[in-house]
Amino acid sequence: MCSWENYETSGPVFIRENGELRCLNDSSLALGSLRHCRVPPSRPFPRGFSVRLRGDGGSQAPVSICRRKEHFVFTYTKEGNLRYTAKSLFKMALLFVAENVQHIDSLVGFPEQIAEQLFIAAEEKQKFADAESGTRALRLFSEAYGDLVLKSLCLRKRHLLVSEKLEEIKMFHNLKSLDLYGCKLGDNHEILPHLTSEALSSLTWLSLGDNILSDYGLRKLTAPIRVMKRGLDCLKLLDLSYNPLSEQAVGYLTCFSALQGLDVSGTEIKISERVKQTFCDGMGLVLSEVPLTDLCHSRCKTRGWAEQVVNQWEICRAESSKLRASLQRDNVLRFYGRKRFVHEAAKGASSGKEEEEDDEKTRIHFCKAASSSQKTGQTSGADGQKAPPSQKKRKREASYPAPHPGPPAKQKAVPLTVEDWDLLNSY
């Protein structure tokens, strides 16, 4: 039963009795004025009524409106009105899979065109920034698409990035080029055993210059190649410049049979006849008269689907250390003064340019003997004039090799030491 108080709060209530209308809660209204009075519309729900949608049994949280906005595209018309259109079902499904990319088992056999869109969508959602889900997602794409994810990786002078993102870097399989110049790796860095693993068996260009790599580190790096014949089978260009390597390291390099270019600039290796003969007999390399352009660092740049992922890693690392660097700079300015700080910075920049110019002049490169002979043949044929017979005879005589006193002695096999066996057992 309804009480009279409910009638008073809900407005006037009329009933029909004996063919006439009668007001129950407002006696002041006359029957004549009932025709002109405006009855308020009835409300299906009282004011302040709200509905909250829940999932199974009300245990889940309410659905977020922000996530629903991903399914629509909002635009403005010419009149300035907001207009929204629903995305296609393919786009909605792609966003859903990108949101849960870490739960995918495998992408082997999935079309490359759709996989690239899925990778971009996951990158926009910053799925590769997370330590756990990012590593799993990168492994998922790398195992299925190989060098399409990343064909070339340049980490030149980014030693902090190499240490922080080492597990993510190991997920890039089938790299063709890898630049680790100036990363201060040393002899015992964790990435050195990874270089000879099966994941980088297709590597053709490798730069390990300026990494404080000694003879022990090079012996440790080449141990699987020298003994088990495993790792870096396709390597053609190697940069070992500005490392404390001696002539003993030359014997460790002879395991790279497919090598076509080698840079040993700035090392302790003295270019003697013995070293030249070792390179020529072991790998077929001769000293190049001009620097090789294939060993230039500009040839290696980060290329692939994950190019923006690597750049985002560097941006995040730079932002985290930006405040610390600014504080250090302010302290230097406060202590030494601005003029001296600017003068030292300009002096350092100019000296850096001079060092780079000197480096280009003092490069020590070795290349294949066949390629060097082709270069000399091209330069001699570019003159366009025939040499006189006397000069031809002299050239023919000079081209003949000098008689050797006897056949060269065969190189003795270097026996493995106890340290070598311990190193092999650790793999």
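The legends below describe close-up views of a predicted model.

Residues are numbered from 1 along each chain as its sequence is written, and side-chain values use heavy atoms, with hydrogens and water left out. Because the model is predicted, local features need pLDDT of at least 70 and side-chain atom pairs count only at pLDDT 80 or more, whereas totals for chains, interfaces and linings use all residues.

**View 1. The protein chain as a whole.** The secondary structure of the protein chain comes to 16 helices and 11 strands, where helices (H or I, at least four residues) and strands (E, at least two) are DSSP runs numbered from the N terminus. Of the 427 residues in the chain, 30% are buried, a word that stands for under 20% relative accessible area, while exposed stands for over 50% and partly exposed for values in between (1.4 Å probe, protein chains only). Among contacts with a separation of 6 or more, 72% come from residues 24 or more positions apart, a contact being heavy atoms within 4.5 Å.

**View 2. The aromatic pair of Tyr-145 and Trp-305.** The structure holds seven aromatic pairs, counted where rings of Phe, Tyr and Trp (its six-membered ring) have centres within 6.5 Å; planes under 30 degrees apart count as stacked, over 60 as edge-to-face and the rest as tilted. The rings of Tyr-145 and Trp-305 have centres 5.5 Å apart and planes at 50°, so this pair is tilted. Tyr-145 lies in helix H5 (residues 131-145) and Trp-305 in the loop between strand E10 (285-287) and helix H12 (307-336), so the pair ties together parts that are 160 residues apart in sequence. Tyr-145 is buried, with a relative accessible area of 7%, and Trp-305 also counts as buried, at 15% relative accessibility. Together with Phe-119, Phe-128 and Phe-141, these two residues form one aromatic cluster.

**View 3. Phe-141 in the largest nonpolar core.** A nonpolar core is a set of buried Ala, Val, Leu, Ile, Met, Phe, Trp, Tyr and Cys residues joined through side-chain atoms within 4.5 Å. The largest such core has 66 residues, of which Phe-141, Leu-180 and Leu-262 touch the most other members. Apart from this core lies another, of seven residues, among them Cys-154, Trp-205, Leu-292 and Leu-295. When neighbours within four places in sequence are left aside, the contacts of Phe-141 include Val-101, Leu-107, Ala-115, Leu-118, Val-149 and Trp-305. In soluble globular proteins, nonpolar side chains tend to be buried together.

**View 4. The surroundings of His-297.** His-297 is placed in the loop between E10 and H12 and, at 15% relative accessibility, counts as buried. Its side chain makes a polar contact with the side chain of Arg-156 (3.1 Å); such a contact is a pair of N or O atoms within 3.5 Å, and within protein one must be able to donate a hydrogen and the other to accept it, with residues adjacent in sequence counted only if both atoms are side-chain atoms. Not counting residues up to four places away in sequence, His-297 touches Arg-156, Asp-179, Tyr-181, Trp-205, Ser-207 and Asp-239.

**View 5. The open sheet of seven strands.** The seven strands stand in the order E5-E6-E7-E8-E9-E11-E10, with mixed pairing, and two strands pair if DSSP finds at least two bridges between them. The edge strands are E5 (152-154) and E10, each of which pairs on one side only, and the twist averages 10° from one strand to the next. Strands E6 (residues 177-179) and E7 (residues 205-207) run parallel and are joined by three bridges, with Ser-207 in E7 as the bridge partner of Asp-179. Strands E9 (residues 261-263) and E11 (residues 365-368) run antiparallel and are also joined by three bridges. Cys-367 in E11 is the bridge partner of Gly-261 and stands opposite Val-286. Helix H11 (residues 273-283) lies across E9, E10 and E11 and runs at about 155° to E10; axes are lines fitted to C-alpha atoms, for helices over the stretch in contact, and angles run from 0 to 180 degrees between N-to-C directions.

**View 6. The hairpin of E1 and E2.** Four bridges join strand E1 (residues 14-17) to strand E2 (residues 20-23), and the two run antiparallel. Phe-14 stands opposite Cys-23 in E2. The hairpin has two residues between the strands, and Asn-18 takes a positive phi near 55°.
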